[in-house]
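Please look over the structure shown here before reading the notes. They are written for someone meeting it for the first time.

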Amino acid sequence: MSDQKLNVLMCGTGEYTTGWTGSGASKSDKKIGVVALTLFDLRRLGKVDQLGMVGTNGKKFPDIRQHLVDNIGKVYRDMDTTFDAFPEGDVINPEAYKDAIDKLSSGDAVVIFTPDSTHFPIALYAIERGIHVLVTKPAVQLLSHHSELVAAARKHNVVCFVEHHKRFDPVYSDAKARAATLGEFNFFSAWMSQPKSQLETFRAWAGKDSDISYYLSSHHIDIHCWIMQGRAVPTRVTASAATGIATSEPYNCVPQTEDTITLLVDWQSLSSSKHKGTAVYTASWTAPLKAGVHSAQHWYYMAEKGEINVDQAHRGYDIVNDETGKAWYNPFYMKYSPSESGHFDGQRGYGYVSIEKFVDAARSVNAGLTQPADYDGHGLPTIANTILTTAILNAGRISLDEKRPVTIKHENDQWILE
Ligand SMILES: NC(=O)c1ccc[n+]([C@@H]2O[C@H](COP(=O)([O-])OP(=O)(O)OC[C@H]3O[C@@H](n4cnc5c(N)ncnc54)[C@H](O)[C@@H]3O)[C@@H](O)[C@H]2O)c1
């Protein structure tokens, strides 16, 4: 690998990037965020060079910088938390990402952790300027937008990954390999939830710009599509939603906000016309408080010759605290406690690995060692490899809005919804 470092612009300054939310430091399991911390550490380790961060409101940056100095700079050894900010000063500008991306050069990278409805315009703007893109899940909300990004990334020959970090969870990636030995797919059922207190953090967009299926079910839908890649395809989606909690006191979300969304999906085997499967993906952001876990997350996979059960909320590891009671933590995601030498020590967490894989791929392409298309064959969550995840999520939204099943079809080399 060439030692040329990657310049990275972080789009979004919120909970996942910095741990700083509109109402102060996040109270979730990501108090100091994931993205900025990982990139500061990759800069310390020599893979990353210049870092920038773009939001919409320049007034937030003094608080964000202080939060990062106090909780990262003063906690880990040799950690430089500086970055260029856009927009600067007291300016509010929802299109500041254009100014920030215009300052980059071809071969630089952006990582996009902004509200779901903004992923597409920001990703396209960057790709068209020859910038490598890592976009968080859900990559986009419309299947047609996903197809456009696949085509644009090919045309401009850039790396475009979707940040589906659960693919790097050691249990999920092991389960994917084992599922391949169990014969034809039959049934998949997934449950994922977050406590309703998260609705306070996401109030600005919850129910308006996106729904809980896009926000949480995207994780397990992607894992299931990954398991099925080349073996079966989704053909029909029917959605159902529970309502009434998010729209009541004290959350008072907009009237169209659903609490819990279930997608029922038909799957067709590609190797046997008689083998069909069923999947049920349910997600909720009105789960009880004090359940001991931040995200409940489990799934069940049944096939011709066996089954797989995964419970990633309870990993045989629990902590009891006199003040707060019993809790199940997930040290495989982000490890925040410092190493023996006082440095950041979370390089093996799958939240970190996911971002590092993208940085490695972009550097390798810049060094001429690989082509962006190579990663489609590596089982990585490239934009091309994740199109069926968006097809299912988009079909689910249409099914809820139009109260009907939606068909997923492959015609003239394009995936379409009917
Ligand atoms: N919080 C998590 O645990 C988590 C985990 C994985 C992925 N994500 C994804 O990351 C994205 C952001 O989530 P979050 O939790 O950080 O949300 P958040 O609401 O805390 O932060 C969103 C950020 O985006 C910024 N933003 C809004 N419009 C913008 C624009 N036009 N240009 C630049 N910045 C803009 C906002 O200023 C804010 O800083 C979502 O798509 C979410 O699905 C979040």
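This is a predicted model: local features need pLDDT of at least 70, side-chain atom pairs count only at pLDDT 80 or more; totals for chains, interfaces and linings use all residues.

1. Residues are numbered from 1 along each chain as its sequence is written.

2. Helix 6 covers residues 143-156, helices being DSSP runs of H or I with at least four residues and strands runs of E with at least two, numbered from the N terminus. Its buried residues are Leu143, His146, Leu149, Val150 and Ala153, where buried means that 20 or more other C-beta atoms, placed from the backbone, lie within 10 Å of a residue's own. Seen down the axis of helix 6, these residues fall within an arc of 115 degrees, so they line one face of the helix; the arc is taken from the directions from the axis to the C-beta atoms. Just after helix 6, Asn157 has a positive phi of about 55 degrees.

3. The largest nonpolar core has 67 residues, of which Cys11, Val110, Val111, Ile112 and Val133 touch the most other members; such a core is a set of buried Ala, Val, Leu, Ile, Met, Phe, Trp, Tyr and Cys residues joined through C-beta atoms within 7 Å. Helix 10 (residues 350-366) gives the most to this core, with 7 residues. Another core, of 50 residues, lies apart from it and includes Leu143.

4. Around the ligand are 22 residues, and Gly12, Thr13, Gly14, Glu15 and Tyr16 come nearest, a residue being near if its C-beta atom, placed from the backbone, lies within 6 Å. Helix 1 (residues 15-18) supplies the largest share of this shell, 3 residues.

Methods. The expected span of a helix is 1.5 Å times one less than its number of residues. A residue is buried if 20 or more other C-beta atoms lie within 10 Å of its own, exposed if 12 or fewer, and partly exposed in between; C-beta atoms are placed from the backbone.
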